[in-house]
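Here are a few friendly notes to read alongside the model.

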Amino acid sequence: MPPAPTLDLLLLPTWLVPVEPAGVVFKDYALGIRDGVIDFLGPRADGIARSAVEVIELPGCVLTPGLVNAHGHAAMSLFRGLADDLPLMSWLQDHIWPAEGRWVDEAFIQDGVDLAIAEQIKGGITCFADMYFFPTVAADRVHEAGLRAQISIPVLDFPIPGARSSDDAIREGIALHDALREHPRITLAFGPHAPYTVGDDNLLKVQVLADQLDIPVQMHVHETAFEVQQATETTGERPLARLARLGMLGPRFQAVHMTQVSDEDLALLVENNCSVVHCPESNLKLASGFCPVERLWQAGVNVAIGTDGAASNNDLCLLSETRTAALLAKAVAGSATAVDAHRALRMATLNGARALGLDACIGSLEVGKAADIVAVDLSGLATQPVYNPVSQLIYAADRHCVKHVWVAGKPLLQDGQLTGFDEGELVARARAWGERIAEGEAH
């Protein structure tokens, strides 16, 4: 038998959590990477027997799939803290939308997306979904940074930064989809903003094109009780039922927030095999409501985790988001066993990958999948002692424990340091925007 091919990189952590199969923790295992793909997964002794160009010992670290942030607005990082402690519609209509109209251009998107990408890498996020303006600029920043992303084509019934009409936005989006059709790390989706900002005509256009291009649709749905009440009083129809009538629901549909879920809503989600993207901290901060995660999970709905934008969170830390999701699920369900640590990690990895249609490529540590991997250091004071590394990861660790990040085998974070960004320069750019925006808001 010929010798096994030489590995590019062999990782030797204390613990390895593959996520699939579920609930498993391997101790003293090794993971080998070749050509950007996981090529070996097995006992440490067998891994050391393989030839490798580079070997990294990771004592005290747990190796997991890269985290998948299934919903956010990356460039809104530059609006972090601009309008805090306000209800959703006041926050949007009186503050965020006017600020976007005044400040959002290609330069804003470039600097905001760079800031968001760097923050996410430092927190162990290897893939994120972005729903915002100037998607071509955002895609360019993702390409340069080496991260993985789903970029949404923004669709609203009124002019937005970068598009004078929904038709302009759709045309640009289709051109971007064609340009990135073979890109190894970037996928496209349609992003109609919400049922209350997009009418039936545009939703039908989106659905026809999404079917033709075979791409997902991500949309804010049932974010607040007010949204559902207003729609019902105006049309006699709940927003999710309207989307079902228009033929929009299906396995490619990503329903973001879903804090209001009736029995009929749940039946529609299950029947159409939709994914729900839960954004607990943004929902809490805006007092939008509570997504019934355990109820959805038990019904068979795929539930992923998103941070939402930093303007309503105010960070892009998926570890924090996942801890909040697990704790909140227990309170909402009235059960301490709801969403245990392993299931919480699954929501932040494989469930997110599935929601974005990427679960064949990422989301778990399996031979043949892309080497999108995070090493989290559990050797510090605040994570001792380690009885269960997954419990420590979800309930005790934070993003400052993230030590290494790889995407397709390429290191984006080494010993806590970004490999592709000058952190000081990013901070300076963000501060410059903050000063301009603050001065403009004061006049």
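1. A salt bridge here means a side-chain nitrogen of Lys or Arg within 4 Å of a carboxyl oxygen of Asp or Glu. Please keep in mind that this is a predicted model. By that rule the count comes to 28 salt bridges.

2. Start with Arg 429 and Asp 114, whose side chains form a salt bridge at 2.8 Å, N to O. Arg 429 sits in helix H16 (residues 423–442) and Asp 114 in helix H3 (residues 106–122), so this pair ties together parts that are 315 residues apart in sequence. Arg 429 is buried, at 18% relative accessible area, and Asp 114 is buried as well, at 3%.

3. Next, have a look at Asp 167 and Lys 205, a salt bridge with its closest N and O atoms 2.7 Å apart. This pair links helix H5 (residues 166–179), which holds Asp 167, to helix H6 (residues 200–213), which holds Lys 205; the two residues are 38 apart. Asp 167 is partly exposed at 34%, and Lys 205 is partly exposed at 35%.

4. Asp 35 is exposed at 62% relative accessible area, while Arg 34 is partly exposed at 27%.

5. Finally, the surface carries a nonpolar patch made of Leu 284, Phe 290 and Val 332, with about 260 Å² of accessible area together. Phe 290 lies in the loop between helix H10 (280–285) and helix H11 (293–299), and Phe 290 counts as partly exposed because its relative accessibility is 47%.

Technical notes
Residues numbered from 1 in each chain as written. Predicted model: local features only at pLDDT ≥ 70, side-chain atom pairs only at ≥ 80, totals over all residues. Heavy atoms only, no water. Patch = residues over 30% accessible without salt bridge, like charges linked within 9 Å, V, L, I, M, F, W, Y side chains within 5 Å. Areas by Shrake-Rupley, 256 points an atom, 1.4 Å probe, with all protein chains shown as cover. Helix = DSSP H or I, 4+ residues; strand = E, 2+ residues; numbered from the N terminus. Buried < 20%, exposed > 50% of the residue type's maximum accessible area, 1.4 Å probe, protein only.
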